[in-house]
Amino acid sequence: MPDKVSIRDVYGAALKKLGEQEERVVVLEADVGGSTKSAVFGKAFPDRYFNVGIAELNMAAMAAGFAYAGKIPFVNTFSVFLTTRASDPISSMIAYDHLNVKLCGAYSGLSDAYDGASHHGIFDLAYVRSLPGMTVLSVCDPVETEKAVFAAAEIEGPVYLRLSRAEAPKLYPENMVFTPGKGILLREGADVSILATGLMVHHALEAANRLQAEGISARVVDLHTIQPVDRELVLESAEKTGCVVTAEEHSIRGGLGSAVAEVLAQGRPTIQEFVGLDSYTESGAYGTLLSAYHLDAQTIAEKARIAVQRKKP
Amino acid sequence: MYHATDQRDQELGTLCRTMRVELIELLHQIQTGHPGGSLSCCEILTTLYFDCMNVRPEQPDWDDRDRFVLSKGHAAPMLYLTLAHRGFFPMEWLPTLRQYGSRLQGHPCAHKTPGIDCSTGPLGLGLSAALGMALAGRLNGQDYTTWVLLGDGEIQEGGVWEAAMSARKFNPGRLVAILDHNGVQLDGTNAEVMPIDRIAERWQAFGWEVFPCDGHSIPELRETLARAKASDSPALVIAGTVKGKGVSFMEGQSAWHGKPVSKEDCHRALQELGVDHNAG
């Protein structure tokens, strides 16, 4: 197993690097800068760092104000609070006026494991994906994380960047090309396509290895952009393998699985199995929770077998 | 004694009367919209746009302009009248207010209407957005002032106090909030719905400098807004107003927060405002 790297440390460093290159970047934080690592930017650029305290709604509406006046605000807190406490200005100002605000949802999925259900970010995608014009990014490794920070700043308009508290192995080379809206084919396969996002990409690759040992050939795709989802790649995968499994650290309603199902329903009705959450969660060790809630390679492989089975007449 | 400012006050007073008439006619014509809170902020908006704010109607996105946020977004009809009279867009747009396809939405929309600096509608967000604008101006070394108009019912929203705290901490300068204190909200008086008494002390406790004034007196508003702008602290002008001001049967009546104006009510209102509805 390759060494794991902290996604949030990479995020903090990338934000600082971006700040060096782009004067218009300002960073807002709601008293979790030591956790999200936005504080790394704050230490380098105290004049452009605004810690508003525990006031997420005010933070997002202030960010709107910065953007109305030409700044590029990066807004930081845990994904669960960003998409609930601050949802009003995110919808009524940031998305409505297509403002150049970057919403960075830290600690997504079950990654704030021990803090329990109140801190697990498992409904965020359903909300941000419903907002017209919102680009939704969800990254899986350190290289992709850094690239996504810079890509978000390049996009003219609102972006939601979904981040994890967890560590992840390095999957991509430093020179990988990250293009928002274009998924990445990680492994070719003929029997089933596993379409994954965020840290579930690693579990998807492991599942593909297991399936190969049983003679099932699995295609694996990293869908790092959930909105706009890579329609071409989703349809191509369905065409080539005849069935798909979606895998995400999120509710099975409203996230990646739903985005893929919407594409397939219109473009090529296809057998689909969903790996994701269907209940509230509990406290526990991160690894324990992933197994307990069936967010692992074993479950992905099992759903892949079911999907392949369903293809047979 | 006769001063140039006296003449200016008379001109703006006449403009306010004209806009009240046009507001009643407009809201009667479209049978939707909020008369009460529009009438209460007529002098405030007039003083801002005609005497205080540094704007270029022919160049609404001018980078160094003063910003204005109508946090009490339901007063949009009076803001649209003010912007039209100031030359931001043609008067002919006004009858399209709230109709499908119009550039004049029911609540202010920054991407549709020239002169609107911030979209509002959900209450309690405007002060935060204004603070962001003011801080951006400071970072850029720009000299503009950011003005924001709050409703008094609106300050029941918790987000207003989050913003009030942040304004004190970041203290951008050139941030002036104006409270349209008419004492009445949709369901009744402030006191009935949710008391907001000792407003000045509350804001002072949050580190703001507070400037009370008569919100229907243009000379008083002009002088008070100038003093507030010069403050080193975040500044709140508490403008004492009357909801429905200028139309006796609307004054102080929560029922007129968002009630359509009937033909008969329109006629009565215009008579009170000195217009003979049957003439012409």
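Chain A has 13 helices and 14 strands; these are DSSP runs, with helices (H or I) of at least four residues and strands (E) of at least two, numbered from the N terminus. The model is predicted: local features need pLDDT of at least 70, side-chain atom pairs count only at pLDDT 80 or more, and totals for chains, interfaces and linings use all residues. Residues are numbered from 1 along each chain as its sequence is written.

The C-alpha atoms of chain A fill a box of roughly 65 × 40 × 40 Å along the principal axes. A compact globule of 313 residues would have a radius of gyration near 20 Å, and the 19 Å of chain A agrees. This radius is taken over C-alpha atoms, and the globule rule is 2.2 Å times the number of residues to the power 0.38. Of the 313 residues in chain A, 65% are buried (under 20% relative accessible area, 1.4 Å probe, protein chains only). Contacts (heavy atoms within 4.5 Å) with a separation of 6 or more come to 79% from residues 24 or more positions apart.

Helix H13 of chain A covers residues 297-311. At 1.5 Å a residue, its 15 residues should span 21 Å; the expected span is 1.5 Å times one less than the number of residues. The end C-alpha atoms are 21 Å apart, in agreement. Buried residues in H13(A) include A:Ala297, A:Ile300, A:Ala301, A:Ala304 and A:Val308. An α-helix has 3.6 residues a turn, so residues three or four places apart point the same way. The buried residues of H13(A) pack against strand S10 (192-196), helix H9 (200-213), strand S13 (243-251) and strand S14 (271-277) of chain A.

Methods:
Chains lettered and ligands numbered in written order. Heavy atoms only, no water. Buried < 20%, exposed > 50% of the residue type's maximum accessible area, 1.4 Å probe, protein only.
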